[in-house]
Amino acid sequence: MTDERALVIIDAANVVGSVPDGWWRDRRGAAERLRDSLVPYAAQGLPGESGPVELVLVVEGAARGVASVPGVRVEAAPGSGDDLIAELAATAHGVRTCVVVTADRGLRQRVEAYGARCTGPRTVRPLPPSRGV
């Protein structure tokens with residue numbers, strides 16, 4: 001039986017790195033905050049992909065060890081996060097819709113070869129508050 005929910009794979013390093021909010025001081029904490037902010041998307045979906053969706057947050061490096069929570073499965077890449085994301089997209093190919101959230105051009109090309117649709121980090125990451133003028 002196939003899962004009719006779309007698979008949404010989030011490139012944690014790329015999304016976290018898209019906002020200069022000090023994430024580099026605590027990579028694991030930044031990945032945990034991202035994970036927690038993603039929970040509502042599991043039921044609501046993303047622009048262009050109505051919910052519910054299956055969310056997979058791919059972490060690597062210092063962010064390994066981040067636990068899954070209801071609505072967001074966390075996968076720790078044993079090596080390159082890009083390689084795991086491409087592997088997950090390949091597994092979904094021809095079975096169900098796959099959306100990859102990343103701004104990494106090379107990764108986008110890799111997963112689009114498997115039929116994945118790509119969207120940028122702003123899809124799941126609110127912009128930081130403005131500091132006023």
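User: Leaving aside neighbours within four places in sequence, which residues is Ala6 in contact with?

Analyst: Ala6 is in contact with Glu49, Pro52, Val53, Glu54 and Thr97. Contact means heavy atoms within 4.5 Å. This is a predicted model, where local features need pLDDT of at least 70 and side-chain atom pairs count only at pLDDT 80 or more, while totals for chains, interfaces and linings use all residues. Residues are numbered from 1 along each chain as its sequence is written, and side-chain values use heavy atoms, with hydrogens and water left out.

User: Why is Ala6 called buried?

Analyst: Its relative accessible area is 4%. Buried means under 20%, exposed over 50%, and partly exposed in between (1.4 Å probe, protein chains only). Therefore Ala6 counts as buried. Ala6 sits in strand β1. From Ala6 to Glu49 there are 43 residues along the chain, yet their C-alpha atoms are separated by 7.5 Å.

User: What makes a stretch a helix or a strand here?

Analyst: Both are DSSP runs, numbered from the N terminus: helices are H or I with at least four residues, strands are E with at least two. By that rule the chain has four helices and seven strands. Their order along the sequence is β-α-α-β-β-β-β-α-β-α-β.

User: Why does the radius of gyration of the chain agree with a compact globule?

Analyst: The globule rule is 2.2 Å times the number of residues to the power 0.38, with the radius taken over C-alpha atoms. For 133 residues a compact globule would have a radius near 14 Å; the chain has 14 Å, so the two agree. The C-alpha atoms fill a box of roughly 50 × 30 × 30 Å along the principal axes.

User: How many of the contacts in the chain, at a separation of 6 or more, come from residues 24 or more positions apart?

Analyst: Such residues account for 58% of those contacts.

User: What makes a set of residues a nonpolar core?

Analyst: The members must be buried Ala, Val, Leu, Ile, Met, Phe, Trp, Tyr or Cys, joined through side-chain atoms within 4.5 Å. The largest such core has 25 residues. Val8, Ile10, Leu34, Leu38, Leu55 and Leu57 have the most contacts inside it. At least two residues each come from β1 (6–11), α1 (12–16), α2 (27–44), β4 (53–59), β5 (72–76) and β6 (98–101). Helix α2 gives the most, with six residues. Another core lies apart from it, with 16 residues, among them Ile85, Cys98, Val100 and Ala116.

User: Which residues does Leu57 contact, leaving aside neighbours within four places in sequence?

Analyst: Leu57 is in contact with Ile10, Ala12, Ala31, Leu34, Arg35, Leu38, Val72, Arg73, Val74 and Glu75.

User: Why is Gly115 called exposed?

Analyst: Gly115 has a relative accessible area of 55%. That value passes the cut-off for exposed, so the label holds. Gly115 lies in the loop between α4 (105–112) and β7 (117–119). Its C-alpha is 8.8 Å from that of Ala92, 23 residues apart in sequence.

User: Why is Gly79 called partly exposed?

Analyst: Gly79 has a relative accessible area of 40%. Gly79 is in the loop between β5 and α3 (81–92). Not counting residues up to four places away in sequence, Gly79 touches Glu60 and Arg64.

User: What makes Arg110 partly exposed?

Analyst: The relative accessible area of Arg110 is 35%, so it too falls in the middle class. Arg110 is in helix α4. Asp82, Asp83 and Ala86 are its contacts, not counting residues up to four places away in sequence. Arg110 and Arg122 are twelve residues apart in sequence and 20 Å apart in space, C-alpha to C-alpha.

User: Where is the cis peptide bond, and what is its omega?

Analyst: The cis bond joins Gly51 and Pro52, with omega about 0°. Pro52 is in the loop between β3 (49–50) and β4. Pro52 is also one of the contacts of Ala6.
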